[in-house]
Amino acid sequence: MTKFTVNNQPVEYRMDPATPLLWALRDASNLTGTKYGCGTGHCGACIVDVDGSAKKSCLVPIGSIEGSVVTTIEGLSHDRSHPIQVAFLAENVSQCGFCIPGMIMAASVLLRNNPRPSEEQIRQSIANICRCGVYPRLVEAIQRAGRIQRGDDTVATGPRPGIDPKDATRVVPALTPTP
């Protein structure tokens, strides 16, 4: 059994320690925001935060992170109010959206370590593959998120037009603590 923390909840996986973190999160914890893209660590769709580092969860065996703290896109914020999420919406980064959770997680780690990244630093840190080609908007969104985190910029938060606020903040069963 492998024990670590996922989105501030202690978990114990009764799985082979060689099981990739991606599958433990998606299959055992029902945290499907982390996406399976290539399975070889090239695309970045599966990036999560492991102990403050952006990790490609398809390459991380759960046995190697015993005692670690893992944050997935579901754990970044319950109401999409994290500066990265707000900036991605404000800059209209998403197209199909498949790669976005991995990009958001990689960007959150980048901004935690460097609140004022240059365009070049962003391009080096966020090497995720996006078939829609959101890269120009991605750079601006990450720079804007840094400004939001620092208090140099504001963006009205809330659900996008046409989304019922109740749907936007509904409880995620996998994140609801059990008594």
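The five strands form an open sheet in the order β2-β1-β5-β3-β4, with mixed pairing. β2 and β4 stand at the edges with a single partner strand each, so one side of each has no neighbour in the sheet. From one strand to the next, the twist averages 40°. This is a predicted model.

## The chain as a whole

The chain holds seven helices and five strands. Read from the N terminus, the elements run β-β-α-β-β-β-α-α-α-α-α-α. The chain has 179 residues, and 43% of them count as buried. Take the contacts between residues at least 6 apart in sequence: 61% of these join residues at least 24 apart.

## Strand pairing

Strands of a sheet pair through backbone hydrogen bonds, in a parallel or an antiparallel sense. Both senses occur here, as the table shows for β3 and β5.

| Strand pair | Sense | Bridges | A facing pair |
|---|---|---|---|
| β3 and β4 | antiparallel | four bridges | I47 and K56 |
| β1 and β5 | parallel | two bridges | V6 and V70 |

Which residues of β3 are buried on each face? Strand β3 covers residues 47–50. I47 and D49 lie on one side, V48 and V50 on the other, and all of them are buried. In a regular strand the side chains alternate between the two faces of the sheet.

β3 and β4 form a hairpin with two residues between the strands. D51 takes a positive phi near 50° in this hairpin.

## What lies against the sheet

Helix α1 spans residues 21–28, and its buried residues are L21, L22, A24 and L25. Their cover includes β1 (2–6), β2 (9–13), β3 and β5. Just after α1, N30 takes a positive phi of about 60°.

Helix α4 lies across β3, β4 and β5. It runs at about 35° to β3.

S68 sits in the loop between β4 (53–56) and β5 (69–71). Is S68 buried or exposed? Its relative accessible area is 8%, so S68 counts as buried. Leaving out residues up to four places away in sequence, S68 touches F4, T5, V50 and D51. V50 is one of the buried residues of β3, and D51 is the hairpin residue with the positive phi.

## Helix α3 and its partners

Two packed helices are described by the angle between their axes and the distance between the axes. For α3 (residues 83–90) and α6 (residues 135–150), the angle is about 135° and the axes are 8 Å apart. That makes α3 oblique to α6. The crossing of α3 and α6 is right-handed.

Which residues make the contact? From α3 come P83, I84, V86, A87, F88 and A90. From α6 come L138, A141, I142, R144, A145, I148 and Q149. By class, the contact has 11 nonpolar residues, one polar and one charged.

Why is α3 largely enclosed by the rest of the structure? Six of its eight residues are buried, so the remainder of the structure largely encloses α3. The buried residues are P83, I84, Q85, V86, A87 and F88. Among them, P83, I84, V86, A87 and F88 also belong to the contact with α6. The buried residues of α3 pack against α2 (73–76) and α4 (100–113) as well as α6.

Just after α3, N92 takes a positive phi of about 55°.

C132 is found in the loop between α5 (119–125) and α6. Its relative accessibility is 29%, so C132 counts as partly exposed.

Which residues does C132 contact, leaving aside neighbours within four places in sequence? They are Q95 and C96. C132 and Q95 are 37 residues apart in sequence. In space, their C-alpha atoms are 6.5 Å apart.

Methods
Residues are numbered from 1 along each chain as its sequence is written. This is a predicted model: local features need pLDDT of at least 70, side-chain atom pairs count only at pLDDT 80 or more; totals for chains, interfaces and linings use all residues. Side-chain values use heavy atoms; hydrogens and water are left out. Axes are lines fitted to C-alpha atoms, for helices over the stretch in contact, and angles run from 0 to 180 degrees between N-to-C directions. Angles under 35 degrees count as roughly parallel, over 145 as roughly antiparallel, 65 to 115 as roughly perpendicular and the rest as oblique. A crossing is left-handed if the near helix is turned anticlockwise from the far one by less than a right angle, and right-handed if clockwise. Contact means heavy atoms within 4.5 Å. Ala, Val, Leu, Ile, Met, Phe, Trp, Tyr, Cys and Pro count as nonpolar, Asp, Glu, Lys and Arg as charged, and the others, Gly among them, as polar. Buried means under 20% relative accessible area, exposed over 50%, partly exposed in between (1.4 Å probe, protein chains only). Two strands pair if DSSP finds at least two bridges between them.
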